[in-house]
Amino acid sequence: MTTKAATTAPVLGIRALNRATLARQLLLRRAAMSAEAAVAHLVGLQAQNVKPPYYALAARLDGFTPEDLSAPMADRRVARLVTMRSTIHTHTADDCLTLRPLVQAARERELHAFRAGLTGVDLDRLAVLARELVEAEPRTMGQLREALLVEWPDADPQALAVAARCRLPLVQVTPRGLWGRSGQVTLTTAEHWLGRPARPAPAPAPAPEDTVLRYLAAFGPASVKDMQTWAGLTRLRDAFERLRPRLVVFRDPNGTELFDLPDAPRPDPDTPAPPRFLPEFDNLLLSHADRTRLVPPEHKGRTWRKNQAYRVLLVDGFVAGLWKLEDGGLVVEPFGRFTKKQRDEIVAEGGRTLATLHAEAAYDIRFGTVRD
C-alpha cells in the first residue's frame, strides 16, 4: 500500500540510512548504558552461539566487560530463548515473556514442516506433558525426546522435541550463556525460570504496535517488509497503518516507503563511523529486507557460506571484510584496500576488542590478503 504522501516523502540516501541505523544500534559511538538496558533497547541480541552477544555489546557499550552480561543472566534478568526468525536470542526477562507470545503464530507454522513425524500426536497434550517435564527438572533436548517417546513411541523423536520447543517458550538455563563457562543446552519454561507468567490466560495475543515502535527505535527508518524480515512475521502492514499518524515517512532511493519515529536520530550522512568488529549473526545484518544500507552490492553474500555466518568488520559504517581469531592472532580479511588511516583505526579498535574480551590471551592483530 502506497499513499500519496508516501510518493512525495523525502528520500533518504544509502549513507543517510546507514548513519541512522548505526546511531540506533549504538555503533556510531559507544553508549554509556548497562548491558541489560542495551539488550532491551536493541530488542534482543542474536545468540545462536554463546559468545556473539558479548562481542555485540563490546562493540556498542562504553566500559563493557563480560560480567556485565553474565551477571544479569545468572540473576535471571536476561535469558536465552527462541523468538524472532525461530532463532535463539538473548532478551531481558520482560521481553522473554512478551515477545515470545508475539511470534507464537510463526512457531505454530514452523510445526507444519514436521507434521509427518507427528501423526497421531495430540499437540495440546504434548505441550502439557513437556511443560511438566521441564518444570520438574531442566532437561536437554535429548532427554525431552526420550521422555516424550514414552507417550508417543511411533512418532519421530526430533519432531516431538521441535513441537515442544515451538509450543513452549523454552529458555536455556545457566551456566549456558555465561562468559567463560561451559554447559550443554538445558531447558525449562520462561515462566518457571523467571518466576512469573507470560500473560494471564486466556488473554489475547499481544498487539504488535509497541514492538513496531521499539523496532524502529533500534533499526529504523524501515519498511514494513524490513520489520517482517526481522521478526519472521507476516501481515504487519495494519499495525504500521494504525501507527502512521504518529510516525514520519521517508523513501529509500528505490522509492520504498520507510517509517520512522519523529524524534529518532538521523545523523548527517558524513558523520564519522569508526570501525567495528561484529560477531556472526549480529542482528544489524539480519533485520532488513534490503541490506544495502549496510552491505555494498558488490559484497552481497560474502558474509555467509551456506547456513554459517562470518564475523564482520565495518569500515566507514559498511561491511568491508571479515575477521577471526586464530593462531594467536586477530586476523582481518579485507574485501578491498584500506588506507593507512583506516588500517590504524582498525588496529586500534581490534586492540580494544581484545582488551575487553580476551585480556588474558596474547593476540596480535594482522591483515590477511584481500578477499576476491
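Predicted model: local features only at pLDDT ≥ 70, side-chain atom pairs only at ≥ 80, totals over all residues.
Biologist: In what order do the strands of the open sheet of five lie, and which of them are the edge strands?

Modeller: Reading across the open sheet, the order is S1-S3-S2-S4-S5, and the pairing is antiparallel. The edge strands are S1, at residues 45-46, and S5, each of which pairs on one side only.

Biologist: How many bridges join S6 to S7, and which residue of S7 is the bridge partner of Arg251?

Modeller: Strand S6, residues 248-251, is joined to S7 by four bridges, and the two run antiparallel, with Glu257 in S7 as the bridge partner of Arg251. The hairpin that these strands form has five residues between them, and in this hairpin Gly255 takes a positive phi near 90°. Along strand S7 itself, residues 257-260, the side to which residues point can also be read: Glu257 and Phe259 point one way, whereas Leu258 and Asp260 point the other way, and all of them are buried.

Biologist: Turning to the aromatic rings, how many aromatic pairs are there, and how is the pair of Tyr54 and Trp179 arranged?

Modeller: The general idea is that a pair of aromatic rings is described by the distance of the centres and the angle of the planes. The count here comes to 10 aromatic pairs. Among them, Tyr54 and Trp179 form a tilted pair, at 5.0 Å centre to centre and with 50° between the planes. This pair links distant parts of the chain, since Tyr54 belongs to helix H4 (residues 52-58) while Trp179 is in the loop between strands S4 and S5, 125 residues apart.

Biologist: Is Tyr54 buried or exposed?

Modeller: Tyr54 has a relative accessible area of 1%, and because the cut-off for buried is under 20%, Tyr54 counts as buried.

Biologist: What kind of pair do Phe277 and Trp323 form, and which strands do they lie in?

Modeller: Phe277 and Trp323 form an edge-to-face pair, with 5.5 Å centre to centre and 85° between the planes. Phe277 lies in strand S8 (residues 276-278) and Trp323 in strand S12 (residues 318-326), so this pair ties together parts that are 46 residues apart in sequence. Both partners count as buried, Phe277 at 1% relative accessibility and Trp323 at 3%. The two pairs can also be read together, for Tyr54, Tyr55, Trp179, Phe277 and Trp323 form one aromatic cluster.

Biologist: Which charged residues lie over the rings of Trp179 and Trp193?

Modeller: Over the ring of Trp179 sits the charged end of Lys51, 5.8 Å from the ring centre, and over the face of Trp193 lies Arg76, at 3.4 Å from the ring centre.

Biologist: How many cavities of 30 Å³ or more are there, and what lines the largest cavity?

Modeller: The count comes to two cavities of 30 Å³ or more, and the largest holds about 80 Å³ of space. Its lining has 15 residues, of which Leu45, Gln46, Ala56, Asp282 and Asn283 are the closest to the centre, and the elements that give two or more residues to this lining are S1 and H4. By class, the lining of the largest cavity divides into eight nonpolar, four polar and three charged residues. The second largest cavity has a volume of about 50 Å³, and the residues that line it include Pro279, Phe281, Asp282, Trp304 and Tyr310; its lining has eight nonpolar, one polar and two charged residues.

Definitions and conventions
Residues numbered from 1 in each chain as written. Heavy atoms only, no water. Phe/Tyr/Trp six-rings, centres within 6.5 Å; stacked < 30°, edge-to-face > 60°. Buried < 20%, exposed > 50% of the residue type's maximum accessible area, 1.4 Å probe, protein only. Lys NZ or Arg CZ within 6 Å of the ring centre and 35° of its normal. Pairing = 2+ DSSP bridges. 1 Å grid on protein atoms, 1.4 Å probe; cavity = no way out; pocket = protein on both sides within 12 Å on 5 of 7 lines; lining within 4 Å. Points joined across faces, edges and corners; volume = space filled by probe spheres on them. Nonpolar A, V, L, I, M, F, W, Y, C, P; charged D, E, K, R; others polar.
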